[in-house]
Amino acid sequence: MIRVLVTGRGGQLGHSLRQSLEEFPGIRGTFLTSDQLDITNFRALEDLLKGSKFDYCINCAAYTKVEEAEKNPEIAFSVNAEGVKNLALLCRQTGVVLIHISTDYVFDGKKEDAYFPDDIPNPLNQYGKSKLLGEQYISEIMKRFYIIRTSWLYSEFGNNFLMTMIKLDKKKEPVQVVSDQWGAPTYAGDVAAFLWGIVAVDKNDYGTYHYCNGGRASWYEFASAIFRQLGSPVSVIPIPSTSLRSTVNRPKNSLLSTVKTELVFNIRIPAWEESLLRELGKIAGKTDV
């Protein structure tokens, strides 16, 4: 039995990991929220990792409030960098393989094509800078690690773009959505299955990888697809990102190349439209959404 610690259980990826674990009977997961395990608390983390025999740690714990990170960068760096440093040090000491979730925000979005894992990062904001420093700590401290960058995550859990659009659908009013930022909408359930697959196969192909659904879309195109699949009459109005009331610079291009990931792990990553259709069907089957 492979034992895995999952931090940040309260987020949508943490929820998705917990939900999909039943498909991997050879793995036993211990799921802890940020309230139950604060990765910035070195002593608490040390007590847990040295007191338990984990084989892997999937770190979903992160400070993801991009706007707030710009105002209070010390909070973002505390969790996304120093907390990750704690994990890296203690995972190395205890022989635990660390699987760390990172982001497209480590790039500046100025590249025309998709970013490869070995492209040079250049974050535009404090959130991206804090996540990049966390990556750097891991690569400096550890040899047995996976850094998995993803982008534009959505699921039926928590607050995300998909659930926001579903709520707006009930109002039946026009929705304004940014049309000049591109990426690949990525279903958290697909990411979760991929992460469990890394653990189950145990290939030891350590390093940095990208995982996002296939294809390309703007936020406007993503929203339009959601309402279309819902059969909704809501009108989606494209707007430029400059019209948003935000002081935070965000990457225009969030596309991440998954060629390396698919080759090394011998997998086919679904197109974003395919996963969206599957997720909306799943949500439609629930009575509480």
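This is a predicted model: local features need pLDDT of at least 70, side-chain atom pairs count only at pLDDT 80 or more; totals for chains, interfaces and linings use all residues.

Reader: How is a pair of aromatic rings described?

Author: In general, one gives the distance of the centres and the angle of the planes. Across the whole structure, a search finds 16 aromatic pairs. In one of them, Phe-194 and Tyr-211 lie 4.9 Å centre to centre with 25° between the planes, and the pair is stacked because planes under 30 degrees apart count as such.

Reader: Which parts of the chain does this pair link?

Author: The pair joins distant parts, 17 residues apart: Phe-194 belongs to helix H7 (residues 188-201), whereas Tyr-211 lies in the loop between strand E10 (207-210) and strand E11 (217-218).

Reader: Which residues do ring pairs link into a cluster?

Author: The cluster consists of Trp-152, Tyr-154, Phe-161, Tyr-187, Trp-219, Phe-222 and Trp-272, linked through ring pairs.

Reader: Where do charged side chains sit over rings?

Author: One case is Lys-260, whose charged end is placed over the ring of Tyr-209 at 4.4 Å from its centre. Another is Arg-3, which lies over the face of Phe-54, 5.2 Å from the ring centre.

Reader: At what angle do H1 and H7 pack?

Author: Helix H1 (residues 12-20) packs with H7 at an angle of about 60°, and their axes are 8 Å apart; the two helices are therefore oblique to each other. Their crossing is right-handed. On the H1 side the residues in contact include Leu-13 and Leu-17, while those of H7 include Val-191, Leu-195 and Trp-196.

Reader: What should I note about H6 and H10?

Author: Helix H6 (residues 161-169) and helix H10 (residues 272-284) pack at an angle of about 55°, with axes 13 Å apart, which means that H6 is oblique to H10. H6 passes H10 in a right-handed crossing. Leu-162, Met-163 and Ile-166 of H6 make the contact with Leu-276, Glu-279, Leu-280 and Ile-283 of H10.

Technical notes:
Residues are numbered from 1 along each chain as its sequence is written. Side-chain values use heavy atoms; hydrogens and water are left out. Rings of Phe, Tyr and Trp (its six-membered ring) pair if their centres lie within 6.5 Å; planes under 30 degrees apart count as stacked, over 60 as edge-to-face and the rest as tilted. Helices (H or I, at least four residues) and strands (E, at least two) are DSSP runs, numbered from the N terminus. A charge sits over a ring if NZ of Lys or CZ of Arg is within 6 Å of the ring centre and within 35 degrees of the ring normal. Axes are lines fitted to C-alpha atoms, for helices over the stretch in contact, and angles run from 0 to 180 degrees between N-to-C directions. Angles under 35 degrees count as roughly parallel, over 145 as roughly antiparallel, 65 to 115 as roughly perpendicular and the rest as oblique. A crossing is left-handed if the near helix is turned anticlockwise from the far one by less than a right angle, and right-handed if clockwise. Contact means heavy atoms within 4.5 Å.
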